[in-house]
Amino acid sequence: MSRLTDTRAAFSAVAALVSVTSCVSPPTQITVEFETDVPASRVTAVRAITVRGSQSVDRLVGRRTELQTPDGQTALRGSFSIVPASGEPRDQTITAAVEITLLTTTGAAPVTIRRWFQSRFIPSQRQITRLFIPLACAARAIGCTRASAESCTLSERCEDFGLTCNDDATCTVPELVPASTDDAGVLSTPRADAADRALPDIVLVDSGVTEQDATIDAADATIDAGIDVSIDAPMDAVADSGVDSGVDSGVDSGVDSAAPDVPTCDANLSADPLNCGACGRACPGGANATGRCSAGTCALTCAVNFGDCDGVLANGCEQRIDMPSACGSCTTMCSGATPLCSAGRCTSGCGGGELRCGTSCVTPATNTNHCGRCDNACPPAPNAGASCSSGMCSILCNTGFANCDGNASNGCEVDTRSSEAHCGGCGRPCASRPNTNTSCTAGACSYTCLPGFADCDANPMNGCEAALGTATNCGMCGRVCSGATPVCSAGACSSGCATGETRCASSCVQTQSSLSHCGGCNNACATYANSSPACMAGTCRLVCDSGFRDCDGTIANGCEIDTRSNLAHCGACGAACVARPNTTVSCSMSVCAYSCLPGFGDCDGNPINGCEASLSTASRCGSCSNACSGGTPVCQMGVCVSGCGAGETLCGGTCVTLGTNPNHCGMCSRVCASGANANPTCTMGACGLSCNAGYANCNGASGDGCEVNTSNDAANCGGCGNACPARANASRTCSMSSCGFACTDGFGNCNGSDADGCEQRLDVAGNCGACGASPAEVCDGLDNDCDGLIDEGLRAQWLMGVRTTELQMLNIDCTVGAESSIACRNAANAYCAGRAGLCSPNGIGPALASPGLNNILCVQGSFRTTWPFSRLTMVEPACVPAMPDMIACNRALSVLCEMMGYVGGAGVDANPAGVTGVCFDPARAVRVAMRYSTLRMYSARCDGVMERIGANCTQAINLQCQMLGLGTGGFGPITSVGDDLTAYCVRP
């Protein structure tokens, strides 16, 4: 439906007249004026509610009129007054609300739109509260979406009235939200019964009077300063004339006095924002603004970076003034190539080294939110913070941690305070020391001796070198056993072996020469490569095999060098064979040997300078003594010839063909240059190139050789200029001189045809991640099956046939026969929380399937916390610590959840501190009216008498929700009066 025709202008006129008339000797009362864009054809009831425990209400008068909208619909405007009860203090604050109950388009249960407000009784003054109740605040519940025919445009329905639009199609109201609410909608009056259930809703009709109005006609002369509709009967004797479209023009014919009263409010009408220019004329605030009064005229004080650019008070300070289009004021527009608004002033652009990101200048070299470029935020990593240096993201390790593998993705993976491989810093391993246990503590290596060993020489580098079972260190360092044959046994000295022998276990041995007890008992000499062990003077030695030597002095690798053939150790360690010119060197039978390279000889007999003479010259042709004779002596292949053949030229003693020789191309010593991926050629005395296989000289230049690899170049695939064709959503490829293409991320060639490239997206159902793939949805917060939904079907799941004895293991007070207790509710919640893989950690129930067996509904809650009883009791007095009424507590939880933007709540545990409850997202639950007379068809005990709330009723509510097609299960009741109850149905 369209917006109301000039709604705000009409409402402002009403407010102006009421503000004037409110100064005519008003009584102590609160007048509430409300207006809505809800179609009148949908409204079933309008009522006012107050929070129980605030100010009692003596009387309630309701009137309404209907506004015509452009599309022929009618919407509501109305008012009512609240006066304090007789004998009550007259200077108190009241919290109340206006409710409009409307039918939905889907035929589901009626939906209530409620707007809360707070006002204050002031003696001898009337306080006026004005409310707008937008349809958008119930848009989701009645099935109205952004794309629906009802044109539920949030920007029209919320922002135009100073409200804030939320993503879930609800409106956040900037007015006061009360600390406690009464979801039951009860008016606390002296004439109401104990439960206040009998007070009727205020059905506003054009007669102008509710059924209560008959009791207050005597006082109507003082109350009728509000909004009258058409004919005030029976309040005014005759119809008002002229402007009675909801507001008295000042004097009502026959009843109202013609003479104006004198204002009696005690206020500074020039500066008081609650009484600006006249008593009761309050200055509205609006979005991003607070109201103020200046010289008796209402004005606005804008929030920082906002301005009132259209001059309309009703919509507050609607324009941001921290942008180049409005910088510091509504009319200041920044100019220049890169306009920027900073601190309310225009600048031409960003400074040196800065980059403009949005409306701010940042330094991309160091800014962690815009590192190197705009919106490139440096991510944090485990055990590290984010850092930006020279425009590149990096990490700063937390104290005690280090990035030893150089991989920023896994953060600072090493705790250098305890890592033995990186103790105190990367690459600082704790060295192994003999007979010790090694550890790293507080970044420092520490060592403890193994049992039976000690550090007797105080040298930490050789560890615990001393065995405490020897005669020299018997049981402790320095304890020497005496006697002819001293022996240490179990830490105590004894004797028995001959001189020069040592007792090892039950034998006396010569530790100076024993291979098994060399230098001490059980110190066996090991066998190593190319050697035999020996014990000499109590120390293990190596006896190298023939031809082998221990050249590195390391026992562990034995006698590692074969000196018979090793060039670096030929005949002895360190005796290296020295290279000599034009020779090959070898080590044979431990002696260095040299042989001349082909074409060279040792003609001077000096082995030091190697084979110094070339045997390809005319003076030494093939041997040191063979000199060629004749007119043009030439040595070819070690043989003397008389000269060069036809077409040949003698170049440096060699006959060559200048037309084809690349080293003498066209003339002696002209060498043809080689190029990349090519060999030099000489053709008819001119140099050229011969490309290697798979390469080509596509640019015709010889300087860069054969620069193109035609086997993998997509622009020259198989030959110069043979470009591979482009394909949709793909990049061109060339492999083994054949064209192809590679799909870009997120696309696939699902039909196998090259002509249309990668024609299918791989992020849609049926092609989810790969062609033809349809993965199953799992509970991970992701859209696994690419259908646009996340974790669908997994947010509400049943666990069937859970034994009560299993629940008792989670709460000892949950026993068979007590499934309706709070203890079993707590156990059911814990049962769901302990099940791995469930997408629904909060358990609702249990629902009694049969004695001792329960069905538990595991639901994904949007918000879970514990509310103290002090807060719950303010909303519902029956929810108290001593013996909490769980229906009352459920109702209180639902009200608190709704105030936070959720759709309702369920209590899952109670203790002396309060009640733990779960709030549900509007997409997960819907409130439904039910009857016990229907529920007992599913469970005979759930009849409102034997059981009003508990395991039997939970089972019945679950079945009723399934029968209505509103969900997979439910919970409640939230309210319970007689045969009527209210519960929630949970969607999967």
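The torsion about the S-S bond of Cys672 and Cys687 is about -80°, so this disulfide is left-handed. Cys672 sits in the loop between strand 43 (654–656) and strand 44, and Cys687 sits in strand 45, so the bond ties together parts that are 15 residues apart in sequence. The model is predicted. In total, the structure holds 43 disulfides.

**Disulfide Cys672–Cys687**

- The S to S distance in the link of Cys672 to Cys687 is 1.9 Å.
- Cys672 counts as buried because its relative accessibility is 6%, under the 20% cut-off.
- Cys687 has a relative accessible area of 43%, so this cysteine is partly exposed.

**Disulfide Cys481–Cys493**

- Cys481 is joined to Cys493 by a disulfide, with 1.8 Å from S to S.
- This link is left-handed, with -80° about the S-S bond.
- Distant parts of the chain are linked by the pair, which is twelve residues apart.
- Cys481 is in the loop between strand 27 (466–467) and strand 28 (486–489). Cys493 belongs to strand 29 (residues 492–495).
- Cys481 is at 5% relative accessibility and therefore counts as buried.
- Cys493 is at 38% relative accessibility and therefore counts as partly exposed.

**Disulfide Cys504–Cys521**

- Cys504 and Cys521 form a disulfide with an S to S distance of 1.7 Å.
- Its S-S torsion is about -90°, so the bond between Cys504 and Cys521 is left-handed.
- The pair links distant parts of the chain, 17 residues apart.
- Cys504 lies in strand 30 (residues 502–504). Cys521 lies in the loop between strand 31 (507–509) and strand 32 (531–536).
- Cys504 has a relative accessible area of 5%, so Cys504 is buried.
- Cys521, at 30% relative accessibility, counts as partly exposed.

**Helix 5**

- Helix 5 covers residues 822–833, twelve residues in all.
- At 1.5 Å a residue, helix 5 should span 16 Å. Its end C-alpha atoms are 17 Å apart, which agrees.
- Nine of its twelve residues are buried, so helix 5 is largely enclosed by the rest of the structure.
- Two cysteines, Cys824 and Cys832, are among the buried residues of helix 5.

- Three strands form an open sheet in the order 60-62-61, and the pairing is antiparallel.
- Strand 60 (925–931) and strand 61 are the edge strands, and each pairs on one side only.
- On average, neighbouring strands of this sheet are turned by 25° against each other, direction ignored.
- Seven bridges connect strand 60 with strand 62 (residues 980–986) in the antiparallel sense.
- Val928 has Ala983 in strand 62 as its bridge partner.
- Helix 7 (residues 886–899) lies across strand 60, strand 61 and strand 62. Helix 7 runs at about 110° to strand 61.
- Helix 9 (residues 951–964) also packs on the sheet, touching strand 60, strand 61 and strand 62. The direction of helix 9 makes about 110° with that of strand 61.

**Backbone details**

- Gly972 and Pro973 are joined by a cis peptide bond, with omega about 0°.
- Asn383 is not a glycine, yet its phi is positive, near 60°.
- Asn383 is located in the loop between strand 19 (360–362) and strand 20 (384–389).
- The relative accessibility of Asn383 is 30%, so Asn383 counts as partly exposed.
- Met684 likewise has a positive phi, about 55°, although it is not a glycine.
- Met684 is in the loop between strand 44 (678–683) and strand 45 (686–691). Strand 45 also holds Cys687.
- Met684 is exposed because its relative accessible area is 80%, over the 50% cut-off.

Technical notes
Residues are numbered from 1 along each chain as its sequence is written. This is a predicted model: local features need pLDDT of at least 70, side-chain atom pairs count only at pLDDT 80 or more; totals for chains, interfaces and linings use all residues. Side-chain values use heavy atoms; hydrogens and water are left out. Helices (H or I, at least four residues) and strands (E, at least two) are DSSP runs, numbered from the N terminus. Buried means under 20% relative accessible area, exposed over 50%, partly exposed in between (1.4 Å probe, protein chains only). A disulfide is a pair of cysteine sulfur atoms within 2.5 Å. The expected span of a helix is 1.5 Å times one less than its number of residues. Two strands pair if DSSP finds at least two bridges between them. Axes are lines fitted to C-alpha atoms, for helices over the stretch in contact, and angles run from 0 to 180 degrees between N-to-C directions. Contact means heavy atoms within 4.5 Å.
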